[in-house]
Amino acid sequence: MVEEGVQAQTQASASPQDMLVETVLHAEHDQAAGATAKVEGWTPDGDAAPQEGESKVTGPASEDAVIEAIATVHDPEIPVNIYELGLIYAIDLYDDGRVRIEMTLTAPNCPSAQELPIQVKDAVEKVPGVKSAEVEVVWDPPWDMSRMSDEARLALNMF
């Protein structure tokens, strides 16, 4: 399915929409670095969501597949996956198969601080199309319960 989208983009490369895609692909990189350009990004606030009428650019790994992989990782002290807890701050997909993830922890002294980022990295690297994953733990902005999904709040009985 991703391959069909890539083929469709390359076949219709003369359209203005594809020129927009080319601009997005190279917005953060020069033309010589095109092979490693960022093709898709995600933040919980929706900063990287496509605008109305703009097509969604996809790379070798789909955003949904990466999120599903991240959702397999659970905090051992909380019976909810880390994605629903709101611990994932950003997911960047690159067209060369790299994935960069920014995540946080519920507290700086979290007992799982060493193992959770490794579990996320391992889970994401199993996604088809992902060649490598980098997980960075960030502390700004600090995590709070408002970042939890409704499903997580329901599971934890925190309305």
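Reader: In which hand does α3 cross α5?
Author: The handedness rule comes before the case. A crossing is left-handed if the near helix is turned anticlockwise from the far one by less than a right angle, and right-handed if clockwise. Here α3 passes α5 in a right-handed crossing. The contact uses Val 66, Ala 69 and Ile 70 of α3, and Val 120, Ala 123 and Val 124 of α5. Contact means heavy atoms within 4.5 Å. By class, this contact has 6 nonpolar, no polar and no charged residues. Ala, Val, Leu, Ile, Met, Phe, Trp, Tyr, Cys and Pro count as nonpolar, Asp, Glu, Lys and Arg as charged, and the others, Gly among them, as polar.

Reader: What should I know about the source of the coordinates and the numbering?
Author: This is a predicted model: local features need pLDDT of at least 70, side-chain atom pairs count only at pLDDT 80 or more, and totals for chains, interfaces and linings use all residues. Residues are numbered from 1 along each chain as its sequence is written, and side-chain values use heavy atoms, with hydrogens and water left out.

Reader: At what angle do α3 and α5 pack, and how far apart are their axes?
Author: Two packed helices are described by the angle between their axes and the distance between the axes. Axes are lines fitted to C-alpha atoms, for helices over the stretch in contact, and angles run from 0 to 180 degrees between N-to-C directions. For α3 and α5 the angle is about 140°, and the axes lie 8 Å apart. The two helices are therefore oblique to each other. Angles under 35 degrees count as roughly parallel, over 145 as roughly antiparallel, 65 to 115 as roughly perpendicular and the rest as oblique.

Reader: How many helices and strands does the protein have?
Author: There are 6 helices and 4 strands. Helices (H or I, at least four residues) and strands (E, at least two) are DSSP runs, numbered from the N terminus. Their order from that end is α-α-β-α-α-β-β-α-β-α.

Reader: Which residues of the largest nonpolar core touch the most other members?
Author: In soluble globular proteins, nonpolar side chains tend to be buried together. A nonpolar core is a set of buried Ala, Val, Leu, Ile, Met, Phe, Trp, Tyr and Cys residues joined through side-chain atoms within 4.5 Å. Among the 31 residues here, Val 66, Ile 70, Ile 82, Val 120 and Val 124 touch the most other members. Elements giving two or more residues to this core are α3, α4, β2, β3, α5 and β4. Leaving aside neighbours within four places in sequence, Val 124 contacts residues including Val 99, Ile 101, Val 130 and Ala 133.

Reader: Is Ser 112 buried or exposed?
Author: Buried means under 20% relative accessible area, exposed over 50%, partly exposed in between (1.4 Å probe, protein chains only). Ser 112 has 2% relative accessibility, so this residue counts as buried. The loop between β3 and α5 holds Ser 112. Beyond four places in sequence, Ser 112 touches Asp 75, Pro 76 and Pro 117.

Reader: Where is the cis peptide bond?
Author: Most residues other than glycine have a negative phi, and most peptide bonds are trans. In this model a cis bond joins Asp 140 and Pro 141, with omega about 0°. Asp 140 is in the loop between β4 and α6, and at 65% relative accessibility counts as exposed.

Reader: What is the phi of Asn 157?
Author: Asn 157 has a positive phi of about 60°, although this residue is not a glycine. The segment after α6 holds Asn 157.
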